[in-house]
Amino acid sequence: MSPTQWDFPVELCCRPMAFVTLTGLDVVYNAVHRAVWDAFCANRRADRVPISFKVLPGDHEYPKCRPKRTSYEWYIPKGILKTGWMNKHLNLVPALVVVFYELDWDEPQWKEKQSECATRVEIVRQSLQGRNTKVAVVLIQKKTPLPPGEDVIASERAAALCNACELSGKSLFVLPHTDHLVGYIIRLENAFYEHAQTYYYTEIRRVKSHKEFLNKTTHQLLFVRHQFKIAFFSELKQDTQNALKNYRTAYNLVHELRAHETNILEIKTMAGFINYKICRLCFQHNTPLDAIAQFRKHVDLCKKKIGSAELSFEHAAWMAKQFQAFGDLFDEAIKLGLTAIQTQNPGFYYQQAAYYAQERKQLAKTLCSHEASVTYPNPDPLETQTGLLDFYGQRSWRQGILSFDLSDPEKEKVGILAIQLKERSVVHSEIIITLLSNAVAQFKKYKCPRMKSHLMVQMGEEYYYAKDYTKALKLLDYVLCDYRSEGWWSLLTSILTTALKCSYLMAQLKDYVTYSLELLGRASTLKDDQKSRIEKNLINVLMNESPDPEPDCDILAVKTAQKLWADRVSLAGSNVFTIGVQDFVPFVQCKAKFHAPSFHVDVPVHFDIYLKADCPHPIRFSKLCVSFNNQITSVDLVLGSETGRCVVLNWQGGGGDAASPQEALQASRSFKRRPKLPASELHWDSIVIQASTMIISRVPNISVHLRHDPPALTNEMYCLVVTVQSHEKTEIRDVKLTAGLKPGQDANLTQKTQVTLRGTELCDESYPALLTDIPVGDLRPGEQLEKMLYVRCGTVGSRMFLVYVSYLINTTIEEKEIVCKCHKDETVTIETVFPFDVAVKFVSTKFEHLERVYADIPFLLMTDLLSASPWALTIVSSELQLAPSMTAVDQLESQLDKVVLQTGESASECFCLRCPSVGNVEGGVATGHYIISWKRTSATENIPVISTVITLPHVIVENIPLHVNADLPSFGRVRESLPVRYHLQNKTNLVQDVEVSVEPSDAFMFSGLKQIRLRILPGTEQEMLYNFYPLMAGYQQLPSLNINLLRFPNFTNQLLRRFIPTSIFVKPQGRLMDDTSIAAA
């Protein structure tokens, strides 16, 4: 038996297509025929009909048709399916034979050509005698034919040719050799396909007609055979639904056959073939769940049908093939668009196939382990006359014998022996590795890392059994890190044991030492006696001696390895190996720990290195090295000596290995109480690696004091006095001061904060927010100095200021004098507030609040300054800067010069202004700016004055048609004449008709026009004089002046009263005094 005996035949696995032969084409010497053949074969896309073409000579001998059976009464079948039947109908017996012949309708020698064509057709028919194969003729013509019905000669000659060749009109075709050859070929193909469909339909009918002659007693095999043939012909006809239905029926019929040890292989073989067809069609119909269900059913029905116990490895091989074939089908369907999932993908089927291949290997090892004296039988019972079996699944030494009783037990025994001896030559590991490799690829694709690792371990072990130790070691080494990181210690130990055997058999020194180190460690689950053996071998290797062989290794491989180790010992070379232990779990643990998280510069740094050995026996290390680079970068522990072999175990950082993170996590979650140990001992789990420490500067022995008067006021030069005093025992040098806004705060604060040492000038935005490394000089012991800083804060809010003092000092450490740099910093948070609040309002000349002002009519601007500072403020001066749209009625002079305001006090100013007519301005008219110059009262004279600019609010300006103002004394006296003049001014470009009336008052008599109507020209003024005579003392209501503008009815007396006084204070009548009295007064 060859290793490929269990492979499915090619004709079973391919897609069945209608078989059409083309005769009469000389594709070698005739260019036209070659072009026709290329058009049929080349570039066959999926949209072209499924036909398999083959060029054959016209007199080709096709397989002879067996004579038709009229009765099955005494017929006993010899098997289920002949081995050549599928191939015969796929590649040997055509559904259609096409005769190509070059003949034009206007051929001069028509009769001779017609006769020759008929002869060729007859030769084809003779070679197909007894077959239902269709025959067609294609005439290759040079001219493009006319449309049907127009060429009368063509019609007549076509009919004559059909009669001569005994063809129907549907079997005669014309192929013009023109530029559109491919288009004509595609039309021809479609016609050929229809003929082929008819042929396969006829064949199905023919096979079905045999059923009525069969009986269930002696013709069980024929039921299966015929059902399979119907299904196969349906596939050739591309009727896949009926094909699937018939394959299912055939599958059920196979399992109805009586199974015995003699025919079990044939039943399983046919069941496997039919199952393959069913699953393939289910995937083709996009019903993968049906395919999976069918395969599971198939496995359940067949897995117990083992057959002969002596050949049980054959059953394992058959099962492996079933799973592999289904995995291939599944994978092919996925490539064509099917979506698989993590829990249902081809990898599981390849894995199961590998499992059965491993089982086959074990069974073969048990059943085929014959003694060397046993030779292969002669003659070979597995050979046949043709080299092939007649029926699928039968034994070569008893083909066609269906009896359950073995007629020749000795022959059976020899046949079984031949199969067993053949099985010994099968390279099982190669089969297993291929299947496992396929499974790994699938699990990798569907992101199943643990399944992938598990199968890679099996692949490594198979490579080990196949004695390919290099590949085995590569695979095992790849998965070791996964099992370490997840803490699968028993699995890790098993893999390491195999890896150690591989490294021993290849004499790989470094790998051998590395795996030995780990197998001696705490992660290893080996027993102490095994660890002792490994430790002994490790010591031998370090002493430049050969180790003892690993147990359970192949004897020949061990002998080869011993020679390699002897060569290693004799060769002089590098005997120092550095092994980084960060990625595995060695038998010695290391933890480095500084005594403190930080040390000052002038204090010695102390640290401990803790080592713990997990091996069963004491072991000597020759050297311990610790490397530093601002921290402990690595710890090296040297095992062995330079005279033999030297292994350097390297821990990066402060120690720890691959198992340390997991152990630390378990220790943190554990509630187990640790036993008490003597004071000199420590619990290993309680030691925490601390590979780095902070070296901080020497403790400063100076004092830094900050003096200031918070809060700071916006934009003032705020004074911060820094006092530094030395408490060192020796002089300190190179004292430097860094002061200002502490870094890391809001960027807006940095832009709005300036620091300077000169307080006599105002800072602008070019000044920094932090002054760095200001040299201060040297300080003797006890000496102190002061430095004044000036800070300008442009916005309110809290700011953190930093004062950092650094210096150098000489100090003695362990009798060595060093220069230490010390520093001390102080921070202070300073709140910035507004110095004062300014309130601005507009009032009339009568001090009434104004929502708006009137053009060319005076009004008052009042400012109110309220001190918000906790410290006294001196208002040095104030200034009103008017906008161009405003004019001053009086001289603008400050009324607040040198005014001192305490907290909560306020100061007011009043300015009389006028706004000329500006028309309608949206949003009002700008008033100008109010500038206040101020400083703290406590500030020295050289501190600059701060100017705060207040933008005054806009005011709405309206025009009025008539302005009235009154000239009258500030008070009156009872029974003394009180002259009052009213000035009426026309503010429009129109003549104003004005009605004026005066309503009397009980407190006054008056003389003048009580009621008058007059006209006022544009821009002119009219004066009216009245004499009021007070009758009562006190604050009295004046006679009311009422004005009515005929052109402006909206001009009301209420608006008028804003401009003229409505009352006056009247003094009582005094006694007459002489001039002396008056002078004295």
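**Exercise 1. Decide whether Lys447 is buried or exposed, and say what its phi looks like.**

Solution. Start with the surface: Lys447 has 64% relative accessibility, so it counts as exposed (buried means under 20% relative accessible area, exposed over 50%, partly exposed in between, with a 1.4 Å probe and protein chains only). Next, find its place, which is the loop between α14 and α15 (449-465). Helices here are DSSP runs of H or I with at least four residues, strands are runs of E with at least two, and both are numbered from the N terminus. Last, check the backbone: phi of Lys447 is near 55°, a positive value in a residue that isn't glycine. Asn544 also has a positive phi, about 65°, and sits in the loop between α19 (528-542) and α20 (555-570).

Before you go on, a word on the ground rules. This is a predicted model, where local features need pLDDT of at least 70 and side-chain atom pairs count only at pLDDT 80 or more, while totals for chains, interfaces and linings use all residues. Residues are numbered from 1 along each chain as its sequence is written, and side-chain values use heavy atoms, leaving out hydrogens and water.

**Exercise 2. Find out which residues a cis peptide bond joins.**

Solution. Go to Asn378 and Pro379 first: the bond joining them is cis, with omega about 5°. Pro379 is in the loop between α12 and α13. Then look at Pro710 and Pro711, joined by a cis bond with omega about -5°. Pro711 lies in the loop between β14 and β15 (712-713). Why point these out? Most residues other than glycine have a negative phi, and most peptide bonds are trans.

**Exercise 3. Work out what helix α13 packs against.**

Solution. Now pick out its buried residues, including Ile416, Ile419 and Leu421. The buried residues of α13 pack against α11 (312-335), α12 (346-367) and α14 (428-445).

Stay with α11 for a moment, as Ala317 is found there. Ala317 counts as buried because its relative accessibility is 5%. Leaving aside residues up to four places away in sequence, Ala317 touches Trp6 and Arg360 (contact means heavy atoms within 4.5 Å).

**Exercise 4. Trace the partners of strand β16.**

Solution. Take one partner at a time. Strand β14 (residues 702-707) pairs with β16 in the antiparallel sense over six bridges, and Arg707 stands opposite Val721. (Two strands pair if DSSP finds at least two bridges between them.) Nine bridges join β16 to strand β20 (residues 784-793), again antiparallel, with Val722 opposite Lys787. Finally, eight of the 10 residues of β16 (residues 717-726) are buried, so the strand is largely enclosed by the rest of the structure.
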